[in-house]
Amino acid sequence: MINMATDTPSTKPYLIRALHQWCTDFGFTPFLAVFVDERVEVPMEFVKNNEIVLNISADACHQLHIENDWISFQARFGGIPKKVLVPVTHVLAIYSRENGQGMSFPFDPESKGPVDNGLGNKDATKVKRASRFKDCEVS
């Protein structure tokens, strides 16, 4: 028997894919805010306060794969091509650069994983944080 509270897969990668598609369909630039630690492969010189914001539009990156556990792509940083690898658990938000619409996700840097807010896998919520990206909400 499946325990729905613990065995249900996270909705987070599906929401990330959906919002990426929404941005693309309407000509917006999808930005991905990421908490950076030893599991994240990004150019460290662009990381500030353990966070990086990545442009994941088709114009900015190549071979984008948004899987259930990992997001990977290739992009140029300062003209130098780099491979980027991000665990889905480390995604803080996905939003449109143009209007800030999107979604943020709870994250506890101490646990290195998603916050368990007692709502099962409903890990999408508005998060208040002092950060370089806006608080994002689904409209």
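## A salt bridge, then the sheet

Start by selecting Arg97: its relative accessibility is 48%, so Arg97 counts as partly exposed. Keep in mind as you click around that this is a predicted model.

Show both side chains and you'll find a salt bridge between Arg97 and Glu98, where the closest N and O atoms are 3.3 Å apart. How many salt bridges does the count come to? One, taking a side-chain nitrogen of Lys or Arg within 4 Å of a carboxyl oxygen of Asp or Glu as the rule.

Next, switch to cartoon and pick out the strands. Four of them make an open sheet, and reading across it you get β2-β1-β6-β7, with antiparallel pairing. Colour residues 51-55 (β2) and 102-104 (β7): these two are the edge strands, each with a single partner, so one side of each has no neighbour in the sheet. Turn the view along the sheet to look at the twist, which averages 20 degrees from one strand to the next.

Zoom in on residues 30-35, which are strand β1. β1 pairs with β2 in the antiparallel sense, over five bridges.

Last stop: select residues 12-25, helix α2. What does helix α2 lie across? The answer is β1, β6 (91-96) and β7, and helix α2 runs at about 20 degrees to β6.

How values were computed. Residues are numbered from 1 along each chain as its sequence is written. This is a predicted model: local features need pLDDT of at least 70, side-chain atom pairs count only at pLDDT 80 or more; totals for chains, interfaces and linings use all residues. Side-chain values use heavy atoms; hydrogens and water are left out. Two strands pair if DSSP finds at least two bridges between them. Helices (H or I, at least four residues) and strands (E, at least two) are DSSP runs, numbered from the N terminus. Axes are lines fitted to C-alpha atoms, for helices over the stretch in contact, and angles run from 0 to 180 degrees between N-to-C directions. Contact means heavy atoms within 4.5 Å. Buried means under 20% relative accessible area, exposed over 50%, partly exposed in between (1.4 Å probe, protein chains only).
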